[in-house]
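This report goes through one structure part by part. Please look at the sequence and the model first, then read on.

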Amino acid sequence: QIDDVEAFLPGSQVEVTAVKELEPYVGQTFDFKVIKISNERRNLIVSRRELIEGTLAEKKAELLASLQKGEVKKGRVKNITDFGAFIDLDGLDGLLHITDMSWGRIKHPSELLKVGQELDVMVLDVDRDRERVSLGLKQTTENPWNTIQEQFPVGARVAGKVVNLAAYGAFVEIAPGVEGLVHISEFSWTKRVARASDVLNVGDEVQVVVLSVDIDNQKIALGIRQTQDNPWDTVQERFPVGSKVSGKIRNFTAYGPFVELEEGIDGMIHVTDMSWTRRPNHPTECLKKGEEVEAIVLEVNPKDQRISLGLKQAENDPWSNISDQYKVGDIVFMVINQPKPGTDDVYIVTVQCQITSDAYKGFYGWGQWCYDCIILAQDAVYEGCPLLAGRNETEVEQNCFDFGAKYKQENGITF
């Protein structure tokens with residue numbers, strides 16, 4: 001009621017924000033602005049909201065003009081979103097982005113703030129043309145990275161909490177606002193870690209060692225395996241060169257199998273060190289996964305974490321005394337084997353023939369007790385050559401006289 005005239009105040013015009021209950025305003029005296037007069041209905045429509053908005057607009061303009069970067073102001077949380085919170089600076093709203101709330105990691109602003117909460121914020125930026133203000137909460141406290149090298153020198157062992165996992169490693173918080181990355185390669189000296197989640201979970205408490213500190217980019221490299229002794233430091237003592245070791249075939253590659261000597265420590269047998277007499281196309285021709293083998297340690301490289309093993313070195317080298325067993329001109333007996341793969345004129349055969357410098361091309365191991373002789377086709381099929389074409393020992397002996405006699409007669413050989 002204005003003097004003796006009654007006026008109508010719409011509910012939307014009571015406050016700047018919506019009012020659900022009007023009962024508390026009954027009987028109170030306020031200033032109002034007449035926004036409409038109806039002579040026909042003899043009615044006045046008034047607004048308190050427009051007066052408040054006008055006052056706030058003046059205050060907002062004054063505050064916007066006076067704000068300075070770096071200034072700390074008191075405010076109240078007006079609204080919270082996924083990306084931040086709007087702070088009421090007594091007539092002017094500013095945005096507090098989630099990245100400027102804490103030096104540490106937070107997933108949602110509601111973890112730190114509540115609507116109506118009062119707090120001190122720092123003015124980060126003022127855009128007077130667009131009437132926008134950027135605010136910071138973490139900037140009101142000291143940046144922990146300013147003293148990070150003093151707190152966490154390289155080599156220091158500290159406790160931390162896993163706050164996030166990625167495919168390539170785990171982020172560990174070692175102080176409020178300070179996180180470091182443990183790469184999967186720094187999880188274990190011996191175990192092969194494919195994903196960080198295979199070893200750690202968010203919330204796990206872990207011990208880590210500081211490997212490096214990059215203040216400019218605010219990055220810290222951490223290691224978990226460095227909290228334990230490196231078994232490769234003493235591997236030469238446990239597996240000295242020349243010693244005989246045993247282990248199971250763990251897996252295969254085209255160039256050789258890997259043998260597990262102890263948990264996390266593998267040695268590799270190169271295909272050239274598998275047999276003295278046989279040259280397999282693939283190591284699976286000689287060995288099976290899970291098979292127990294004995295080998296000789298050929299080389300140990302702790303720096304590159306490599307151990308070279310030899311399977312053939314665990315046995316006597318039949319080539320060491322081959323000249324004592326076979327000489328040019330000797331008659332040898334072998335079993336028919338097969339053509340050499342991929343060739344048309346070279347045969348790996350088992351023959352009883354006179355070894356000559358032309359016909360003898362070399363020996364290849366075949367089984368445990370015999371050798372294969374490589375014979376060129378031109379040396380093996382001409383008339384009179386002492387080639388025994390039998391499929392078994394009986395046929396060889398029968399055919400030996402037909403071929404061998406002529407060859408011996410032409411060459412003046414008697415035996």
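## Gln218 and its surroundings

In this predicted model, Gln218 touches Asn143 and Trp145, leaving aside residues up to four places away in sequence. Gln218 sits in the loop that runs between strand E12 (205-214) and strand E13 (219-223). The C-alpha atoms of Gln218 and Gly180 are 9.1 Å apart in space, while the two residues are 38 residues apart in sequence.

The backbone of Gln218 has a phi near 50 degrees, a positive value in a residue other than glycine. Gln218 has a relative accessibility of 38% and counts as partly exposed, because that class lies between the limits of 20% for buried and 50% for exposed.

## The barrel

Strands of a sheet pair through backbone hydrogen bonds, in either a parallel or an antiparallel sense. Here 5 strands close into a barrel, and their order is E9-E10-E11-E13-E12. The pairing in this barrel is mixed. From one strand to the next, the twist averages 50 degrees.

One of the pairings joins strand E10 (residues 169-175) to strand E11 (residues 178-183). These two strands run in the antiparallel sense, with 6 bridges between them. Ala175 has Val178 in E11 as its bridge partner.

## Asp90

A positive phi is also found at Asp90, where the value is near 65 degrees and the residue is again other than glycine. Asp90 belongs to the loop between strand E5 (84-88) and strand E6 (93-97).

Is Asp90 buried or exposed? Asp90 is exposed, because its relative accessible area is 52% and the class of exposed residues begins over 50%.

## Confidence in the model

For the protein chain, the mean pLDDT is 77. A pLDDT of 70 or more is reached by 77% of its residues.

Over residues 334-408, pLDDT stays under 50. The model has 129 contacts beyond four places in sequence for this stretch. Where pLDDT is low, the predicted coordinates should not be read in detail.

Note on methods
Residues numbered from 1 in each chain as written. Predicted model: local features only at pLDDT ≥ 70, side-chain atom pairs only at ≥ 80, totals over all residues. Heavy atoms only, no water. Helix = DSSP H or I, 4+ residues; strand = E, 2+ residues; numbered from the N terminus. Buried < 20%, exposed > 50% of the residue type's maximum accessible area, 1.4 Å probe, protein only. pLDDT = per-residue confidence, 0-100. Contact = heavy atoms within 4.5 Å. Pairing = 2+ DSSP bridges. Axes fitted to C-alpha atoms, helices over the stretch in contact; angles between N-to-C directions.
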